[in-house]
Amino acid sequence: ISTVFSNWPWQQWAAEQPNATAIIREQQPVSWRRLADEVNALCARFHHHGVRAGQGVALSGKNSPELLLGYLAILQLGARVLPLNPQLPTALQAQLLPMLNIDWGWSNYPLAWTDSIDPLPSFNIEQLSIDNSDTHPIADWSSAQSFTMTLTSGSSGLPKAAVHTPDAHLANAAGLLQRMQFELGDSWLLSLPLFHVSGQGVIWRWLQKGATLVQRNMHPLTNALAGCTHASLVPTQLWRLLEQDADKLVLKQVLLGGASIPVELTERARKAGISCWCGYGMTEMASTTCAKPADETASVGVPLPGRELQLMDNEIWLRGSGQALGYWQNGEIRPLSDSQGWFHTRDRGEMRNGELYVCGRMDNLFFSGGEGIQPEDIERVLVTHPLIEQAFVVPIDDVEFGQRPVAVIDALPGLDLSQLSTWLEGQITRFQIPDDYYVLPAELKQGGIKISRLAVKEWVYSQI
Ligand code: 4YB
């Protein structure tokens, strides 16, 4: 049963269970009362500085206690919050921020804000004067025009900012939690960045339940996970975790998503005592839309309560709870769905035995000698190799065939790239076998939670 909120969730939990642990920061428990006080103090500070309802505030940085407080305080002020990847190139920020009507910026990094944006003062939690005589401006929960703006990672063009109300996030969370157990006393590690929808997904599930959020340094992941019952991980994080010493973990559930989830991975996790959920979600739907407990198939199950799914010429269309209002552009919210409310995902899918299989992005399809090649079909086979963690297949121009696939591999030590074509024979058709193999360079592994296919393609072109 999902909670009905008559106040900001953190204020409601502070009233209902003031002494329960809201957050564990490294090892330090923080109660709901304390958290609400910190948010109020920061609201007063931001308001004093000039932040007003309806304005846009960019929050740039890696996850930190301050970044999360900023996120909650901006919403409570009735303003729009835009969490930003600190690695987003400055030139791109300069182009984007005016279109997104951003008035203020805050960062826990030294950052070159564009001239049009006023920086908010930095603060740290110990210095926040939690003085109840401060006037704490609080926008009314039920009628506030508070929004989150989350940048999509489109393969071409400028990122778009999907606009969600707190209600939409809570509705997304409620749907998942009708299937997955996450109860008072459980704790979810904030294991993904707030600037990505997967990190915000953790926040709104925590707020929906009034359970505990864990904020820790993520390296090494085994230490970060100590005592946590839940975590959201992308497949590469789970591979790495399984290579470390996973014995000490008390993890009850791991929610996987963001990319194709190999059955080999969830099987290995099961043997290490970790049960996984396979999720399929996206920014526009406020994270997870379909999910199932991992089994021997590569499906992502069925839509969660409140969502509808339809395949139209093999394209996955979605609508329902969690859906964004639209994309923010120059003060307007532009629709992202068709007249019936369907969001066209540009993902290709198939239904088998009533369950959804995600085949790949329509935009990734290319043609080689007249044959369509979906890179993900080849990648899915490559990652079943015991020494391969991640693989990207990209097209390169070819005089004879138009385009040919080459593979870029993220592997454990000991992999012999020259053997891969032989290994692939019989597992995929002949024309799908890559012409060449490269080792994924470390510089492409930095940044967000996903490696950009475009960056991989550009890197390959710089090598030939
Ligand atoms: C997939 C895919 C899949 C996404 N198979 N392609 O809370 C969660 O749901 C969560 C938990 C752990 C890790 C990530 C998440 C997410 O939210 C991921 C959401 C996400 O990746 N959003 S995105 O906008 O950056 O990208 C969406 C795209 O990612 C989709 O349109 C798909 O192309 C792809 N994707 N899950 C295959 N299971």
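These questions and answers cover the ligand site and the strands of a predicted model.

Trainee: How many residues surround the ligand?
Mentor: The closest include Arg 205, Thr 283 and Asp 347. Thr 288 and Lys 450 are also among the closest. The number of residues around the ligand is 28.

Trainee: What percentage of the ligand's accessible area does the protein cover?
Mentor: On its own, the ligand has 740 Å² of accessible area.

Trainee: Which element gives the most to the shell around the ligand?
Mentor: Several elements supply at least two residues each, including helix H6 (197-209) and strand E14 (287-293). Strand E13 (275-282) is also one of them. With four residues, the top contributor is E13.

Trainee: How many charged residues does the shell around the ligand have?
Mentor: Nonpolar residues number 12. Polar residues also number 12. The charged residues number four.

Trainee: Which residue in the turn between E13 and E14 has a positive phi?
Mentor: E13 and E14 run antiparallel, joined by six bridges. Met 282 stands opposite Ser 287 in E14. The hairpin has four residues between its strands, and the one with a phi of about 60 degrees is Ala 286.

Trainee: Is E14 mostly covered or mostly exposed, and how many of its residues are buried?
Mentor: Buried means under 20% relative accessible area. E14 has seven residues and is mostly covered; the buried count is six.

Trainee: Which residue in E15 stands opposite Cys 290?
Mentor: E14 pairs with strand E15 (residues 302-303) in the antiparallel sense. Two bridges link these strands. Opposite Cys 290 stands Pro 303.

Trainee: Why is one side of E16 and of E21 left without a neighbour in the sheet?
Mentor: The sheet is open, with four antiparallel strands in the order E16-E17-E20-E21. Strand E16 (307-312) and E21 stand at the edges, so one side of each lacks a neighbour. The reason is that each has a single partner strand.

Trainee: What is the bridge partner of Leu 309 in E17?
Mentor: E16 and strand E17 (residues 315-320) run antiparallel, with six bridges joining them. In E17, the partner is Leu 318.

Note on methods. Residues are numbered from 1 along each chain as its sequence is written. This is a predicted model: local features need pLDDT of at least 70, side-chain atom pairs count only at pLDDT 80 or more; totals for chains, interfaces and linings use all residues. Side-chain values use heavy atoms; hydrogens and water are left out. A residue is near a molecule or strand if one of its heavy atoms lies within 4 Å of it. Accessible areas come from the Shrake-Rupley method with a 1.4 Å probe; for residues, only the protein chains shown count as cover. Ala, Val, Leu, Ile, Met, Phe, Trp, Tyr, Cys and Pro count as nonpolar, Asp, Glu, Lys and Arg as charged, and the others, Gly among them, as polar. Two strands pair if DSSP finds at least two bridges between them. Buried means under 20% relative accessible area, exposed over 50%, partly exposed in between (1.4 Å probe, protein chains only).
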